[in-house]
Amino acid sequence: MVDQLREEILLGVLAPGTKLSQVRIAERFGVSRIPVRDALQLLAAEGLVNPTSGSTALVTGMSVPELQEIYEMREAIEPVATHLAVPNVGRAEILQMRQELETMSVSNNARTWLAANADFHATVYKRANRPRMIDTVEQLRKLADRYLHLHLEVIGNTEHLHAEHTAILAAVEDGDAALAASLTREHLATSHDFILKYLLESAAAEPELLAALHKTRR
């Protein structure tokens, strides 16, 4: 249930501002309210919903400030994780990364692509042996997936993603921790710029949308 709700939020099926009722969700999935409450608490911890009462929650909005904060934090943390991890990456991780890269290159499904993308990067990060850092990276990635889905499904121009992933893989294979870290930072910055430019350009012709995008997340 929680996986289904998370996916619907990430893919925009449950749009920002949608009210989620424990009673209605329980009826939908044929469960009691207790697992629904627990699911909403987990989604709230991930920043995807905001509890409004004891029995309801709202899907959180997407905004320019949130986008910038998420990507600024990712650009600070993930290159460090990469630099620490590369010396510990072995053949098994390289093969896994190649498999995920192949999945991304042939998939036309956003859900499949996002999962492969997450696994591609996590395969490296986990070798950093920094569990708290990796937990933070994973939480930020989950928040970023809504914006990355926008990049994939609405903005387009995703050819650079494959080239960037290929370059990161090559650096990891070569054991070049500094280069892999630098390429990871550039990879994140490029997506950040693509999404930010789209949000600002789309909002420029719609003053109400522009105002909404500049509000802090509630």
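1. The second largest pocket is lined by 14 residues, and those nearest its centre are Arg6, Leu10, Ala115, Arg141 and Asp145. The model is a predicted one. The space in this pocket comes to about 370 Å³.

2. Three helices each give at least two residues to the lining of the second largest pocket: helix 1 (2-10), helix 6 and helix 7. Helix 6 gives the most, with five residues. Sorted by class, the lining of this pocket has nine charged residues, five nonpolar ones and no polar ones.

3. The largest cavity has a volume of about 100 Å³, and the second largest cavity has a volume of about 40 Å³.

4. The lining of the largest cavity consists of 13 residues; Arg74, Asn117, Leu148, His187 and Leu188 are those nearest the centre. The elements that contribute two or more residues to this lining are helix 4 (64-85), helix 6 (110-125), helix 7 (131-155) and helix 9 (177-204). By class, the lining of the largest cavity has five nonpolar, four polar and four charged residues.

5. The second largest cavity has a lining made up of Thr82, Met97, Phe120, His121, Val124, Tyr125, Ile168, Val172 and Thr184. Helix 6 and helix 8 (159-173) each provide at least two of the lining residues. Helix 6 gives the most to this lining, with four residues. Six residues of the lining are nonpolar and three are polar, while no charged residues are present.

6. The axes of helix 5 (residues 91-106) and helix 8 come within 11 Å of each other, with a crossing angle of roughly 170 degrees. Helix 5 is therefore roughly antiparallel to helix 8, as angles over 145 degrees count as roughly antiparallel.

7. On the helix 5 side, the contact with helix 8 is made by Ile94, Met97, Arg98, Leu101, Met104 and Ser105. On the helix 8 side, the residues are His162, His165, Thr166, Leu169, Val172 and Glu173. The residues of this contact divide into six nonpolar, four polar and two charged. Met97 and Val172 are among the residues of this contact, and Met97 and Val172 are also among the residues that line the second largest cavity.

8. The other contact joins helix 2 (residues 22-29) and helix 3 (residues 33-45), whose axes come within 9 Å and cross at roughly 115 degrees. Helix 2 is therefore roughly perpendicular to helix 3, since the range from 65 to 115 degrees counts as roughly perpendicular. The crossing of helix 2 and helix 3 is right-handed.

9. In the contact of helix 2 with helix 3, Gln22, Val23, Ile25 and Ala26 of helix 2 face Arg33, Val36, Arg37 and Leu40 of helix 3. Five of the residues in this contact are nonpolar, one is polar and two are charged.

10. One backbone point remains. Asn129 is located in the loop between helix 6 and helix 7. Asn129 has a positive phi of about 60 degrees, although Asn129 is not a glycine. Most residues other than glycine have a negative phi.

Methods
Residues are numbered from 1 along each chain as its sequence is written. This is a predicted model: local features need pLDDT of at least 70, side-chain atom pairs count only at pLDDT 80 or more; totals for chains, interfaces and linings use all residues. Side-chain values use heavy atoms; hydrogens and water are left out. On a 1 Å grid over the protein atoms alone, a cavity is a set of points where a 1.4 Å probe fits but cannot get out, and a pocket is an open set with protein on both sides within 12 Å along at least five of seven lines; lining residues have an atom within 4 Å of a point. Grid points are joined across faces, edges and corners, and a volume is the space filled by probe spheres set on the points. Ala, Val, Leu, Ile, Met, Phe, Trp, Tyr, Cys and Pro count as nonpolar, Asp, Glu, Lys and Arg as charged, and the others, Gly among them, as polar. Axes are lines fitted to C-alpha atoms, for helices over the stretch in contact, and angles run from 0 to 180 degrees between N-to-C directions. Angles under 35 degrees count as roughly parallel, over 145 as roughly antiparallel, 65 to 115 as roughly perpendicular and the rest as oblique. A crossing is left-handed if the near helix is turned anticlockwise from the far one by less than a right angle, and right-handed if clockwise. Contact means heavy atoms within 4.5 Å.
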